Amino acid sequence: MSAVPTPQANAVPGRARGFLSGAREIDDAGVGVQGALPPWLRGTLLLNGPALWELPGGRLEHWFDGYAMWHALRIDGAGVRYRSRFCASQSYRRSVAAGAPVFGEFGTANPAGLLARLRAPQVTDNPAVVMSRHGERWLSVTETPSLTYFDPRTLQTLERLDLGRREEPMHLMSAHGFTLPDGSYLNVATALGPKCEMKLFRLAPGTTRPQVIGRMRMPKSGYTHGFGLAPGHALVWETALRAQPLAFRFGAKSYADNFRWEPDGGSAIHAVALDTGAVRSWRIAPMMAFHATQAWADGGDLVLEIATYDDGVVFDDLRLERRRAGLPMRSSMRHVRYRLRDGRRDAEPEPIAGAAIELQQVHPERIGRGRARVCWGAGNGDRGELFDCTHRVDLDSGAVTTWRRPGATHLEPLFVPRPGGAADDDGVLLVPTLADGDETTVVGVLDARTMNCVAELRAPQIVPFGFHAAFHWA
């Protein structure tokens, strides 16, 4: 099945074309290479994200809503080849067959009637956000407890594992899980009810039953897109965007509209011990957040670095209509470090010097093991442009080095470490971009230390703007 071109295609100019439907499934195509790729860079850049928002009988409303497409840029001694495939999720297949959205999505209302909603929850399985490993297998997820496995070489959709209808109720799930050294998949799910319960769970390689490690209970759970991993602990933040359980169960609103900004309850950070499941909690000022930069242990303290927002306006900022129109972002992120001292009730926040960033990256070997001294991320422009540059931030000094393709949107800068390297920034960044005058997506290959662009990969089509990437070394 192929994408349906958006009727707005001729009206959306420049870099905003990255928010359009129209990407094609391509079996195999060459990728133009300008410059010199590092000889050690051999493997596959995997990209994931929404790629289809329009159907003949209806459309999706939010950037996050589009039906997922995987893209693979395979790099070897013979050059670079490209492949793309829509994920054959239940949401995609049924909606394409019906000619209109069948499920509610992040920012699109649930089209199911009241009787259908009363019979059973109507939950999307559109995995347009994060790709992770589970053992030797690859999976893709959104913010519902559904794991979609796929082949990283062929991009074929394999089976789907539903974690939400088992003896441990799970209604929501963080998009950002972690792969532990033994191949287990670690994530946080939420059970909604009169009292909500967030559950840190582990899914061992080759198994389908999650093991709950620790539980956090609260009257209303906060919106949870990610969490941090420190040595021996998961650090789970609780935002002031509170889930409305009855609306999730019986209402027709979109996923995002089932959360309400309730700052009076503040926010919190919970530390869950991976061995015993013991939970310690600290209060923080009300905030909203998508992504952690990193977490680590500093003596007896735990430390969490995170990009925060003062409210939930960012949800509305990222609606498709605003992004296609190129309207400025009204929300802004702040890069904050929280120190969690044992025996204290309140976390100690401090701003991280340097640039505010989103889609943060650190050396993957530091995650859950220690502290990285350098991070990278996408920065917004001075006039509210979404992600118009890529920053490197020294987390000790605050020094910032910036790479910018003029007139371009920059997506997540995926850090790929050089095999055998030891330094936090010994490797390259792979940064998908689309500039106003580009005919196709351009992936910048940057020296992660100097931020100099050493090569560009030119895909055979515009890859619609996605969120996260992964590198498959095989």
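Is aspartate 310 buried, partly exposed or exposed, and what is its relative accessible area? Aspartate 310 comes out partly exposed, at 49% (buried is under 20% relative accessible area, exposed over 50%, partly exposed in between, with a 1.4 Å probe and protein chains only).

This is a predicted model, where local features need pLDDT of at least 70, side-chain atom pairs count only at pLDDT 80 or more, and totals for chains, interfaces and linings use all residues. Residues are numbered from 1 along each chain as its sequence is written, and side-chain values use heavy atoms, leaving out hydrogens and water.

**View A. Aspartate 310 meets arginine 334 in a salt bridge.** The N to O distance is 2.9 Å (the cut-off is a Lys or Arg side-chain nitrogen within 4 Å of an Asp or Glu carboxyl oxygen). Arginine 334 is partly exposed too, at 39%.

**View B. Aspartate 28 pairs with arginine 81 at 2.7 Å, N to O.** Aspartate 28 sits in strand β1 and arginine 81 in strand β7, 53 residues apart (strands are DSSP E runs of at least two residues, numbered from the N terminus). Aspartate 28 has a relative accessible area of 48%, and arginine 81 has 41%.

**View C. Arginine 449 and aspartate 425 form a salt bridge at 3.0 Å, N to O.** Here aspartate 425 is buried at 9%, while arginine 449 is partly exposed at 44%.

**View D. Strand β3 (residues 43–52) is mostly covered, with 10 of its 10 residues buried.** β3 runs antiparallel to β6, joined by 9 bridges (strands pair if DSSP finds at least two bridges between them). Asparagine 48 has tryptophan 70 as its bridge partner in β6.

How values were computed: Helix = DSSP H or I, 4+ residues; strand = E, 2+ residues; numbered from the N terminus.
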